[in-house]
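Good morning, colleagues. I would ask you to look at the structure on the screen while I describe a few parts of it.

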Amino acid sequence: MISNNDKPQQISLREKIGYSLGDAGANLAFQMMMIFQLKFYTDVFGLDGAVAGSVLLIANVVAALIDPAVGILADRTQTRWGKYRPWVLWTAIPFCVFYLLAFYNPGIEDNAQVATYATVSYVLLLVAYSFNNIPYTSLGGVITSDIKERTNITTIRFIAVTIAQFVVQGMTLPLVDRFGQGNLQHGWLCTIGLFAAVALVFFVITFAVSRERIQPPPKQDIDMMEDIKNTVSDVSWTAMFLLTFSLFITLAVWGSAMSFYFQYNVDQKSLYDFLHFFGLYDNISNAYSVGFSVFNMMGAIVQFLGVIFLSRFLANKYGKKKVFMVCLSLCTFFTALFYIPSPTDVGLLFALNFMKSLAYAPTIPLLWAMIADVADHIEYENYRRATGFCFSGIVMALKVGLGIGGALAGIIISAFGYQAGNVACQNESAMEGIRLVSSIIPAVLFGIGVLALYFYPISKSYNIKMQAELAARRRNMETDEDDII
């Protein structure tokens, strides 16, 4: 039996890094879905923006329907490797294969058939993501019960995630250009193949080095309906569900929109001049690809440094809830300001990205650490633990939010007159739609997330009290078991 006592559960740096690589691997696909999937469907598959958005919505909603079942299945898995860890290994190859297929057209030309293929391949990728990522995130909730160690783990995890974000957002378009040599489809296929191979290695490492230390109460019976009732009725879980839902709608809207924003709203000569001034580029013919990559890389670097130097310090000092609320409020403000720059205000655009990324950075590790606290809160209130189902509901919110966000961006730009197919320029109405989904609309959605945090009850002091009582319960349960033996 794995011990649940209240001794400090110090986790080695090797295990923290190894666990973190699993999310880096998943984000080599997730960042691609969030930033480039909509634009890939419009510019490479040639789908209308509304159709492409509908593909994202349908696929995400269909795949999200299985998430609770995945959580329940993971909670009831019993192997010598634990409940959640083996799923990371079992799903590694299917995840990477479906990732490749989602960005590959096997020669279909009819638009209706292309849309059908895109939907099916994307559903398969998202289903594989569920079977991989729900157990993975649940694993993060059972590695340790130590509050500071849990924050340390999520900090390292999201350093790895930020590096993956840096790679995907900063290197994808240059890699597509280099591999494709004018053939977009071939360039995308080679780029995705490279990312998928790296992800596969990362998943295997995560399985090899991670360990599960927190177990359900020893006398807990199997009662699926009780687990569902306890989870969905918990106010902390509801608040995190709404936060995650609004957050990933926002990230999908903004992430999808910014690639269009850079290609069509930013003056390419001004972008070239800005890059050339800093010695970053010396060819105006493709300033969009390099400029957007530099924009993303700068944001990733700022977030990387913010996660390292701000997140853990601020969370330990003020508590996760308070830090999240303040930083997300600032992020809302800076996102709205993206409506202001004119096409030639490239410096202002990069300055806003710097401030938005810095405001958002401390929140990156906190989301999943707070969800792990929610799993503890459900156990604290109900004397039952269902970590997998708790996390699966949040992943479902993430996935539906991602689908709605991508669909919303596609539908809005299409309604404003966006022309698909990588055309040279867009009309004024389409430009206005692109500006709105890059600023005002995601800012409003961020604000909904701030509101959800008001109802999250687990403050810093409450969490300390809760963890102490849970540790005492686990110690007493182990003592009772020893007495029986």
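Let us begin with tyrosine 41. Beyond the residues up to four places away in sequence, tyrosine 41 touches Gly46, Leu47, Ala52, Val55, Leu56, Ala102, Ala118 and Tyr122. Please bear in mind that this is a predicted model.

Tyr41 belongs to the largest nonpolar core, a set of 144 residues. Together with Phe262, Tyr41 has the most contacts inside that core. Helix H11, residues 235-265, provides the largest share of the core, namely 17 residues. As general background, nonpolar side chains in soluble globular proteins tend to be buried together.

Which residues make the nonpolar surface patch of about 650 Å²? They are Trp81, Leu89, Trp90, Ile93, Val97, Leu101, Leu200 and Val204. At least two residues of this patch come from each of helix H5 (85-90), helix H6 (92-102) and helix H9 (184-209). Helix H6 contributes the most, with three residues.

Is isoleucine 93 buried or exposed? Its relative accessible area is 56%, and isoleucine 93 therefore counts as exposed, the cut-off being over 50%.

Serine 357 lies in helix H15, which spans residues 346-360. Its relative accessibility is 2%, so serine 357 is classed as buried, for which the limit is under 20%. Apart from neighbours within four places in sequence, serine 357 is in contact with Gly299, Val302 and Gln303.

Thank you for your attention.

Terms used: Residues are numbered from 1 along each chain as its sequence is written. This is a predicted model: local features need pLDDT of at least 70, side-chain atom pairs count only at pLDDT 80 or more; totals for chains, interfaces and linings use all residues. Side-chain values use heavy atoms; hydrogens and water are left out. A nonpolar core is a set of buried Ala, Val, Leu, Ile, Met, Phe, Trp, Tyr and Cys residues joined through side-chain atoms within 4.5 Å. Buried means under 20% relative accessible area, exposed over 50%, partly exposed in between (1.4 Å probe, protein chains only). Helices (H or I, at least four residues) and strands (E, at least two) are DSSP runs, numbered from the N terminus. Contact means heavy atoms within 4.5 Å. Patches are made of residues with over 30% relative accessible area and no salt bridge: like charges are joined within 9 Å, nonpolar side chains (Val, Leu, Ile, Met, Phe, Trp, Tyr) within 5 Å. Accessible areas come from the Shrake-Rupley method with a 1.4 Å probe; for residues, only the protein chains shown count as cover. A salt bridge is a side-chain nitrogen of Lys or Arg within 4 Å of a carboxyl oxygen of Asp or Glu.
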